[in-house]
Amino acid sequence: TASDMETLGLVVVEAMAAGLPIVGINKNGVSSLVKPGINGHLCHLHDTRGMANACTDILSNKQTYRKFSKASISLASAHDTSKVTVQLERILSRVQK
């Protein structure tokens, strides 16, 4: 993703859940979802050469692609609706007390 306005990065979580390696901007929510060298790469805003190089790195190396893909699926599971719902319920119950 090249957006500098994304706060959570739902589209990034969805891509991760689908097993895609991620190349994104090192800003806002995206930077908390992408673990450089683990499930993708982070680039600076407007660094088109860096983004192109990151994409080339992933797409030209099947082993890297597979590694990032597996890690994306694993990391995305933390954002599963059922898990997030339980966390929100706990927070709300504390706030209501």
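Ala, Val, Leu, Ile, Met, Phe, Trp, Tyr, Cys and Pro count as nonpolar here, Asp, Glu, Lys and Arg as charged, and the others, Gly among them, as polar. The model is predicted, so local features need pLDDT of at least 70 and side-chain atom pairs count only at pLDDT 80 or more, while totals for chains, interfaces and linings use all residues. Numbering runs from 1 along each chain as its sequence is written, and side-chain values use heavy atoms, with hydrogens and water left out.

**Whole chain**

Start with a cartoon view. The protein has five helices and two strands, taken as DSSP runs numbered from the N terminus (helices H or I, at least four residues; strands E, at least two). Along the sequence the pattern reads α-β-α-β-α-α-α. Its C-alpha atoms fill a box of roughly 50 × 25 × 15 Å along the principal axes. Of the 97 residues, 30% count as buried (under 20% relative accessible area; exposed is over 50%, partly exposed in between; 1.4 Å probe, protein chains only).

**Largest pocket**

Select Leu20, Pro21, Ile22, Val23 and Ile58. Of the twelve lining residues of the largest pocket, these are the closest to its centre. The pocket's volume is about 170 Å³. A pocket is an open set of points on a 1 Å grid over the protein atoms alone, where a 1.4 Å probe fits, with protein on both sides within 12 Å along at least five of seven lines; lining residues have an atom within 4 Å of a point. The volume is the space filled by probe spheres set on the points, which are joined across faces, edges and corners. Now colour the lining by type: eleven nonpolar, one polar, no charged.

**Cores**

Next, select Val12, Val13, Ala15, Met16, Ile22, Val30, Leu33, Val34 and Ala76. They form the largest nonpolar core, with nine residues. Such a core is a set of buried Ala, Val, Leu, Ile, Met, Phe, Trp, Tyr and Cys residues joined through side-chain atoms within 4.5 Å. Helix α1 gives the largest share, four residues. A second, separate core has seven residues, including Ile25, Cys43, Met51 and Ile58.

Go to Thr64, in helix α4 (residues 62-76). Is Thr64 buried or exposed? Thr64 counts as buried, because its relative accessibility is 16%. Beyond neighbours within four places in sequence, Thr64 is in contact (heavy atoms within 4.5 Å) with Asp57 and Ile58.

Finish at Val84, in helix α5 (residues 81-96). Val84 is partly exposed, with a relative accessible area of 28%. Leaving aside neighbours within four places in sequence, Val84 contacts Ala78 and His79.
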